[in-house]
Amino acid sequence: MPDVKHFDPDAALETVVRLFWRQGVASTGIQDVVAATGLNRSSLYATFGGKQELYLASLRRYLEQRSQPVFQRLAEDKRGLPAVSEFFAGLIVARCSGEYARWGCMVSNAHAGAENSDPDVRAVLDQHHRELRDAMYAALVAAKAQGQLAPGADPGASADLLALLAYGVNLRSRAGADAATLHRTVATALDSIADRAAT
């Protein structure tokens, strides 16, 4: 007879996402996963594979369910710089308050950890960065079309800058930076590329 799963793999994976996100992969053992999910090791291994496979599945789920919808909204928003400002405001709120305060971003945390030496993990990190940068670029192209960018400001270079700033917000918030400081830093960055005559 086929093995019948007596648990919801999707719900279990969401629990594991939160575990790896909060604690990091290096600090999370398989026994932590067992305790958090209530599943035994054989069920975990049969469904997801070992710890590395489980981490990779969690990282991909984080990208698909948490990062990509935000990137898509930014890329499709035609307001230009106000959309970018709103993106960062939402990011700072998410990182500094609420249920996930001080957890940082699971992807940014992976950039800073030893797990980024795994080629499969690095592929997810590269995909995340590409999609973040592309969303910023789309918003900045809209900003340029509306005369919001300073003369000479290049949407491509500015998108690179703002993508890196997003990683900085994620990492500094995990380290305890306060929201007001992060808001000031973002405002300074946006002011540096904005056309003051248009504001």
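Colleague: Which residues here are linked in a network of salt bridges?

Modeller: Asp10, Glu14, Arg18, Arg61, Arg66 and Glu99. Bear in mind that this is a predicted model: local features need pLDDT of at least 70 and side-chain atom pairs count only at pLDDT 80 or more, while totals for chains, interfaces and linings use all residues. Numbering starts from 1 along each chain as its sequence is written, and side-chain values use heavy atoms, with hydrogens and water left out.

Colleague: Okay, so why is the pair Arg18 and Glu14 called a salt bridge?

Modeller: The rule asks for a side-chain nitrogen of Lys or Arg within 4 Å of a carboxyl oxygen of Asp or Glu. The closest N and O atoms of Arg18 and Glu14 are 3.3 Å apart, so the pair passes that rule. Both residues lie in helix 1 (residues 9-23), four residues apart, about one turn of the helix. Helices here are DSSP runs (H or I, at least four residues; strands are E, at least two), numbered from the N terminus.

Colleague: Which of the labels buried, partly exposed or exposed do Arg18 and Glu14 get?

Modeller: The cut-offs are under 20% relative accessible area for buried, over 50% for exposed, and partly exposed in between (1.4 Å probe, protein chains only). Arg18 comes out at 27%, so it is partly exposed. Glu14 is at 14%, so it is buried.

Colleague: How many salt bridges are there by this rule?

Modeller: The count is eight. One of them joins Glu86 and Arg79, at 3.2 Å from N to O. With 49% relative accessibility, Glu86 is partly exposed, and Arg79, at 34%, is partly exposed too.

Colleague: What does the salt bridge of Asp160 and Arg133 tie together?

Modeller: That one has its N and O 2.9 Å apart. Asp160 sits in helix 8 and Arg133 in helix 7, so the pair ties together parts that are 27 residues apart in sequence. Asp160 is partly exposed, because its relative accessibility is 36%.

Colleague: What makes something a pocket and something else a cavity?

Modeller: Both come from a 1 Å grid over the protein atoms alone: a cavity is a set of points where a 1.4 Å probe fits but cannot get out, whereas a pocket is an open set with protein on both sides within 12 Å along at least five of seven lines, and lining residues have an atom within 4 Å of a point. Points are joined across faces, edges and corners, and the volume is the space filled by probe spheres set on them.

Colleague: How much space lies in the largest pocket, and which residues are closest to its centre?

Modeller: About 510 Å³. It has 24 lining residues, and Arg66, Val70, Arg73, Phe87 and Leu91 are the closest to the centre. Helix 4 (51-76), helix 5 (81-96), helix 7 (119-145) and helix 8 (155-174) each give two or more residues to the lining. By residue class, the lining splits into 14 nonpolar, four polar and six charged. For those classes, Ala, Val, Leu, Ile, Met, Phe, Trp, Tyr, Cys and Pro are nonpolar, Asp, Glu, Lys and Arg charged, and the others, Gly among them, polar.

Colleague: And which residues line the largest cavity?

Modeller: Phe20, Trp21, Gly24, Val25, Tyr55, Met106, Asn109 and Glu115. That cavity has a volume of about 30 Å³, and its lining divides into five nonpolar, two polar and one charged.
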